[in-house]
Amino acid sequence: MPIKTLHIPTADGQADAFAAFPDGGERRHPGVLMYADGFGIRPVLREMARELARHGYYVLVPNLFYRHGPAPVIELPEHIGEEVRPAVMAQVMPLIEAHTAERVLSDADAYLSFLTTQPEVGAGPVAVTGYCIGGLLGMRTAAAHPRQVAALAVFHGPVSVDGPDLFSKLTAQVHLGHAEGDVTPEALGELNQALDAAKVDYTSEIYPGTVHGFTMSDTDAFNPTALQRHWDSLLPLLDRTLANS
């Protein structure tokens, strides 16, 4: 799967990014905007984007914190274990806190405009997937662009931050894969009731035996069984919603 380094024009400058997509041929592919977790672009994100591209998708992964510099914005160890996590989070949290809702929506406009005009991307709707804080960004993007975003997948993300007002704007088919360590069964029930009230077409489930960050193989949170479950949920969702793109 080719990896292409890109620069996306935004209202505040240029966001560095990369794209993974199937090699060869003139065929165009459905577009997927992938939002990284708070640790940002690094080898594990490239691996995940390549894996998704193998299934026939053009996957765009922007540097969420480009205003603070090109990726990697902070220096990361090869493995983000518990012994280094507090120091890493001390650097990450100010970046997340500076990434306001206004910035999220402005960037989403730029990312989707860029994605849908790439020569390798077909006409039609796109999908958004997000991990950790990227899941919240994905929700905000899908709610702000209901005519463009046909599918939204969020994994171990804080999706309830914006609440029912955001849910009511969603028209995409949605999958929410929660970490067991993040959401109690009671909280899941309340969240799903809010999604039902907003008439969202969704699946929302706790992945057993997981903690926050379970998809990321370079962290102690990684759970290979849950990562496979993530693919088993994500790929059929994309196939249903983007098959004709």
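Reply: Ala, Val, Leu, Ile, Met, Phe, Trp, Tyr, Cys and Pro count as nonpolar, Asp, Glu, Lys and Arg as charged, and the others, Gly among them, as polar. The model is predicted, so local features need pLDDT of at least 70 and side-chain atom pairs pLDDT 80 or more, while totals for chains, interfaces and linings use all residues. Residues are numbered from 1 along each chain as its sequence is written, and side-chain values use heavy atoms, without hydrogens and water.

Me: How is the lining of the largest pocket divided by class?

Reply: A pocket, on a 1 Å grid over the protein atoms alone, is an open set of points with protein on both sides within 12 Å along at least five of seven lines, and lining residues have an atom within 4 Å of a point. Here the lining of the largest pocket comprises 15 nonpolar, eight polar and three charged residues. There are 26 lining residues, and Cys132, His156, Pro158, Asp182 and His212 lie nearest the centre. The volume, the space filled by probe spheres set on points joined across faces, edges and corners, is about 440 Å³.

Me: Which element gives the most to that lining?

Reply: Helices (H or I, at least four residues) and strands (E, at least two) are DSSP runs, numbered from the N terminus. Helix α2 gives the most, with five residues; α2 (85-98), β7 (173-179) and α6 (185-197) each supply at least two.

Me: What lines the second largest pocket?

Reply: That pocket, of about 210 Å³, has 14 lining residues, with Arg42, Pro43, Pro77, Glu78 and Asp218 nearest its centre. Its lining has seven nonpolar, one polar and six charged residues.

Me: What does the largest cavity hold, and what lines it?

Reply: In a cavity, a 1.4 Å probe fits but cannot get out. The largest cavity has about 80 Å³ of space. Of its 13 lining residues, Gly38, Phe39, Gly40, Phe65 and Val73 lie nearest the centre; the lining has ten nonpolar, three polar and no charged residues.

Me: At what angle do α3 and α4 pack?

Reply: Axes are lines fitted to C-alpha atoms, for helices over the stretch in contact, and angles run from 0 to 180 degrees between N-to-C directions. Helix α3 (residues 101-116) and helix α4 (residues 133-144) pack at about 65°, with axes 10 Å apart. That makes α3 roughly perpendicular to α4 (65 to 115 degrees). The contact (heavy atoms within 4.5 Å) involves Ala101, Val104, Leu105, Ala108 and Leu112 of α3 and Leu137, Arg140, Thr141 and Ala144 of α4. By class, these residues are seven nonpolar, one polar and one charged.

Technical notes: Angles under 35 degrees count as roughly parallel, over 145 as roughly antiparallel, 65 to 115 as roughly perpendicular and the rest as oblique.
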